[in-house]
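Thanks for coming, everyone; I would like to walk through the cross-links and the charged side chains of one model today. Please have the sequence and the structure open while I talk.

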Amino acid sequence: MGNVTVTTCGKSLYCVLLVALIGVPGLVTAVQISWTGSVTAGFTTTFTCSSTCFPNCTYTWSFQARTVNGSTLTWTPDGLDDIVALRCTVFNPRTKVYTSTTTTVEIKNQMSVQTSPPNTLPSLNQSLNLVCHNATSDDPQGLSHVVWYIDGQKVTLRENMWLLRNNLTLHFDSLLPSDAGFYQCLTYLPTSHTRVISSDYLLTYDPWKVSISGPDTVFPGQLFQFTCLTSCALNVECTVRWQFRGGFPIGTYFSVHENELKWTPSIPGTFQNFTCIAENKAAGRSAETTKMVAVKGVLISGSEVVQLSGLFGVILILGLWVL
């Protein structure tokens, strides 16, 4: 039976060592994935897969429907995903055995869409500037161009819209109802041949509109993130809290910090409801939305259910509270 160990070290330097031990008659093969530093969209990170098997073991990486050969993986995330699973498979020619391990990488995105001036509330028939924040880079060739998207589609400029400052600013002369939606900006870094897309911004005329971003389908053993998106300024105009109507999430990991929720489910064939509530108790106003998530996958045996249940643990972070 496999044994997994995760070690985190350092404060300013983040280090992860994930080791999977799999018993083989007469031989134990250890496989590990390691890297140093944070993983940031638009910046290159090198991951190393190593093992104790000899001689001439072969290594294969699998992630985002891609396959890369070799013990090292040099990757520049594009910011489209918040979390990515990296899988390394090692083949031992001596034992003819394949050994695999998977680690989940959380990707930080420094690029975002913001209003200018900051905290400007969009109003119909009023002007507005959306800025591609932190779009500048250390790429010696600079940015080739900036492209704007609304609801996943390229923005088509209309009479009330202009691009300013080398496309870094999307200007509206007079906002129309049809201008509402989720906006993102995309840049291209010529040196690394990488497209980087920002986190999204919800342009809405209802300050209490709430939505939850994240997948509708999840799988056991993988970490997933859900974000409560509101047009009101968190901890200024409104606060956010989560509810779990129909049952608390069951899994090997769970955390909540303000409007972000992370969860590693463990039981396939189930459904989970996440409800996000934005409220201002002093003003007596609130709004909420609910997202239903399906857990897909099939357990190999009944013993695996017991194993997953035994691993169940909850890490709940609310502000400065840790339970």
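**Disulfides and charges**

Let me start with the disulfide that joins Cys132 to Cys185, with 2.0 Å from S to S, where a disulfide is taken as a pair of cysteine sulfur atoms within 2.5 Å. Cys132 lies in strand 11 (residues 128-133) and Cys185 in strand 16 (residues 181-189), so this pair ties together parts that are 53 residues apart in sequence. The strands here are DSSP runs of E with at least two residues, as helices are runs of H or I with at least four, and both are numbered from the N terminus. The torsion about the S-S bond of Cys132 and Cys185 is about 80 degrees, so the disulfide is right-handed. Both Cys132 and Cys185 are buried; by that I mean under 20% relative accessible area, with exposed meaning over 50% and partly exposed in between, using a 1.4 Å probe and protein chains only.

Before I go on, a word on the source: this is a predicted model, in which local features need pLDDT of at least 70 and side-chain atom pairs count only at pLDDT 80 or more, while totals for chains, interfaces and linings use all residues. Residues are numbered from 1 along each chain as its sequence is written, and side-chain values use heavy atoms, with hydrogens and water left out.

How many disulfides does the structure hold? There are five, and if the bonded cysteines of the protein chain are numbered in sequence order, the pairing reads 1-4, 2-3, 5-6, 7-10, 8-9. One of them is formed by Cys49 and Cys88, whose sulfur atoms are 1.9 Å apart, and this pair links distant parts of the chain, with Cys49 in strand 4 (residues 45-51) and Cys88 in strand 8 (residues 83-92), 39 residues apart. The link of Cys49 and Cys88 is left-handed, with -90 degrees about the S-S bond, and Cys49 and Cys88 are both buried. Another disulfide joins Cys53 to Cys57, at 2.0 Å from S to S; Cys53 is buried at a relative accessible area of 7%, and Cys57 also counts as buried, at 14%.

Turning to charges, the structure holds five salt bridges, each being a side-chain nitrogen of Lys or Arg within 4 Å of a carboxyl oxygen of Asp or Glu. Among them, the side chains of Glu106 and Lys262 meet at 2.6 Å, N to O, and because Glu106 lies in strand 9 (residues 97-106) and Lys262 in strand 24, the pair ties together parts that are 156 residues apart in sequence.

Lys291 lies in strand 26 (residues 285-295) and Asp216 in the loop between strand 19 (210-213) and strand 20 (217-218), so parts 75 residues apart in sequence are tied together. Here Lys291 counts as buried at 12% relative accessibility, while Asp216 is partly exposed at 47%.

Finally, Glu288 and Arg245 meet in a salt bridge at 2.8 Å, N to O, with Glu288 in strand 26 and Arg245 in the loop between strand 22 (239-243) and strand 23, 43 residues apart. Glu288 is partly exposed, with a relative accessible area of 44%, and Arg245 is partly exposed as well, at 38%.
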